[in-house]
Amino acid sequence: MKEEVVIGLEVHIQFMTKAKIFCQCSTDYLGKGPNTNVCPICLGLPGSLPVLNKKVLEYALRTALALNCEINQVSRFHRKNYFYPDLPKAYQISQYDWPLGFRGHLEISIPPSGVRRRIGITRVHIEEDAGKLIHEGDIASSTYSLVDYNRSGIPLAEIVTEPELRSPEEARIFLMQLRSIVQHLEVCDGNMEEGSLRCDANISIRDSQTGVLGTKTEIKNMNSFRAVKKALEFEVERQKKLLAKGIKIVQETRHWDESKNITVSMRGKEEAQDYRYFPEPDLLPLKISPEMIEKIRRTLPELPESRKERFIKVYNLPEDDAEVLISNKALGDYFEKASAFYADKKILINWVRGELLYNLKEKKIEVEQSPISPEKLVGLLKLIDEGVISGKIAKTVFEKMFESGKEAREIVQEDKITQITDQNELIKIVDRVIEENPQSVEDFNQGKEKALHYLVGQVMRYTQGRAKPDFVSQAIKERIKN
Ligand SMILES: [Zn+2]
């Protein structure tokens with residue numbers, strides 16, 4: 001059998017509205033005590049009635065339109081029934097057969113070749129989030145669990161793709177590009193670690209000759225791009241091994257165990273009928289006029305693809321650099337801000353992709369929280385241009401700026417790390433190095449270039465990198481001649 005991997009994704013994004021979806025409770029609950037942002041509606045108390053937050057509809061329309069969806073001019077809410085302690089009403093208000101958006105697509109480009117693939121979007125619908133369970137100790141030996149309803153009623157969109165992704169890597173790329181889109185739309189911050197973007201995946205192996213689909217499994221609990229790729233890779237191998245042995249694959253939901261790098265069975269997969277969907281009687285059908293759709297379509301912001309084109313054209317960046325910048329909206333914003341004060345984009349992008357991204361990743365800080373603002377980075381680059389410090393020293397200054405949040409000029413003054421511009425002082429050091437290394441001088445005289453590099457290195461060592469290498473090299477040659 002010629003095997004083909006078939007992957008479909010279900011992505012939940014958390015909308016950045018100020019209030020929850022059906023009540024006026026604030027969505028800003030991080031760091032607040034448990035059950036502080038709650039009211040009778042999001043606690044599901046009897047007699048309370050939901051009222052749709054208009055902003056949620058606007059954000060969902062933006063998302064659906066950016067994903068090239070058709071919009072149902074009448075769409076409605078359903079109750080999805082299941083019992084779980086984090087769901088106080090014992091049903092979730094969601095959308096079922098009349099989702100807001102349907103039949104869309106997202107065209108992804110696969111680096112490094114840039115091959116484009118169009119992935120179908122089955123639907124985009126609105127729903128509410130559930131609360132959060134906190135288990136005492138580990139889940140197996142836990143004697144009791146606590147529940148926090150702050151997250152109950154947080155607005156979500158669920159984005160479902162067609163099973164058209166063909167590899168774990170494609171799934172990862174799709175997810176990254178989708179995140180960049182929702183960030184550019186300013187509807188979701190896309191933070192996977194904090195759960196504002198969550199991804200479940202359906203995966204099966206198909207016989208590509210007969211086209212017969214295999215049994216699919218669903219994987220949950222992948223909370224980084226890397227985890228999505230690794231979990232899917234594991235699952236592809238697991239399914240292939242079972243098929244090779246002639247063992248049937250069970251349709252089930254599996255959990256990605258990040259610490260063990262395996263997927264484990266959680267439960268049998270539910271079918272739609274298990275949820276006994278029925279129309280939500282407390283909410284009117286959503287009527288969306290063509291004018292409203294047009295108004296939102298017209299005001300869609302610049303999306304990553306066109307931003308990339310602009311970066312290439314306006315800043316003359318290579319495609320690869322532009323790709324990195326648009327992969328995270330905040331990073332693109334950072335570059336554009338710095339660009340306004342600094343002309344040489346090539347130098348700028350090198351610092352952004354190099355030192356900045358490296359340090360952010362190392363210290364696990366988001367671009368928005370970078371201790372070095374775009375203005376401060378430009379301040380550092382200008383010191384190099386003015387010859388005050390060398391590029392090498394600048395890297396040390398950058399680290400200190402990152403630690404302290406101080407301006408480059410301040411650090412250079414405090415640590416007295418400006419370049420030595422006093423030529424007499426430098427010549428003294430050059431002479432000393434020549435005197436201490438007669439063998440290298442001899443080697444240089446016999447035409448060994450390497451000996452000169454060594455001597456320059458010695459001067460740099462004495463000056464702690466505060467000399468200009470080309471000046472030193474010239475000075476050594478002259479002093480040896482004399
Ligand atoms: Zn509430």
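**Figure 1. Packing of helix α1 against helix α4.** Helix α1 (residues 54–66) and helix α4 (residues 290–298) pack at an angle of about 70°, and their axes lie 10 Å apart. The two helices are therefore roughly perpendicular to each other, and their crossing is right-handed. On the α1 side the contact involves E58, L61, R62 and L65, which meet I293, I296 and R297 of α4. By class, these residues comprise four nonpolar and three charged, with no polar residue. An α-helix has 3.6 residues a turn, so residues three or four places apart point the same way. As in every view of this set, the model shown is predicted.

**Figure 2. Overview of the whole chain.** The predicted model contains 15 helices and 16 strands. Its C-alpha atoms fill a box of roughly 95 × 55 × 50 Å along the principal axes. The radius of gyration of the chain is 29 Å, whereas a compact globule of 482 residues would have a value near 23 Å. Of the 482 residues, 34% are buried. Among contacts in the chain with a separation of 6 or more, 68% join residues 24 or more positions apart.

**Figure 3. Packing of helix α2 against helix α3.** Helix α2 (residues 168–184) and helix α3 (residues 225–244) have axes 8 Å apart and pack at an angle of about 155°. Angles over 145 degrees count as roughly antiparallel, and α2 and α3 are therefore roughly antiparallel to each other. The passage of α2 across α3 is a right-handed crossing. Helix α2 contributes P168, E169, A171, R172, L175 and M176 to the contact, and helix α3 contributes F225, V228, K229, L232, E233 and V236. The contact of α2 with α3 has eight nonpolar and four charged residues, and no polar ones.

**Figure 4. Buried residues of helix α6 and their surroundings.** Helix α6 spans residues 319–326, and its residues D321, A322, V324, L325 and I326 are buried. These buried residues pack against four helices, namely α2, α5 (304–314), α7 (329–339) and α8 (345–362).

Figure 5. K406 is found in the loop that lies between α10 (391–404) and α11 (408–415). Is this lysine buried, exposed or partly exposed? K406 has 16 C-beta neighbours inside 10 Å and therefore counts as partly exposed. Leaving aside residues up to four places away in sequence, K406 touches M401 and I411. The C-alpha atom of K406 is separated by 8.3 Å from that of K376, a residue 30 positions away along the chain.

**Figure 6. Packing of helix α14 against helix α15.** The axes of helix α14 (residues 449–462) and helix α15 (residues 469–481) come within 10 Å and cross at roughly 120°. This angle makes α14 oblique to α15. The crossing of α14 past α15 is right-handed. In the contact, L452, L455, V456, V459 and M460 of α14 meet P469, V472, S473 and I476 of α15. The residues of this contact divide into eight nonpolar and one polar, with no charged residue.

Methods: Residues numbered from 1 in each chain as written. Predicted model: local features only at pLDDT ≥ 70, side-chain atom pairs only at ≥ 80, totals over all residues. Axes fitted to C-alpha atoms, helices over the stretch in contact; angles between N-to-C directions. Parallel < 35°, antiparallel > 145°, perpendicular 65-115°, else oblique. Left-handed = near helix turned anticlockwise from the far one by under 90°. Contact = placed C-beta atoms within 7 Å. Nonpolar A, V, L, I, M, F, W, Y, C, P; charged D, E, K, R; others polar. Rg over C-alpha atoms; globule rule 2.2 N^0.38 Å. Buried ≥ 20, exposed ≤ 12 C-beta atoms within 10 Å, placed from the backbone.
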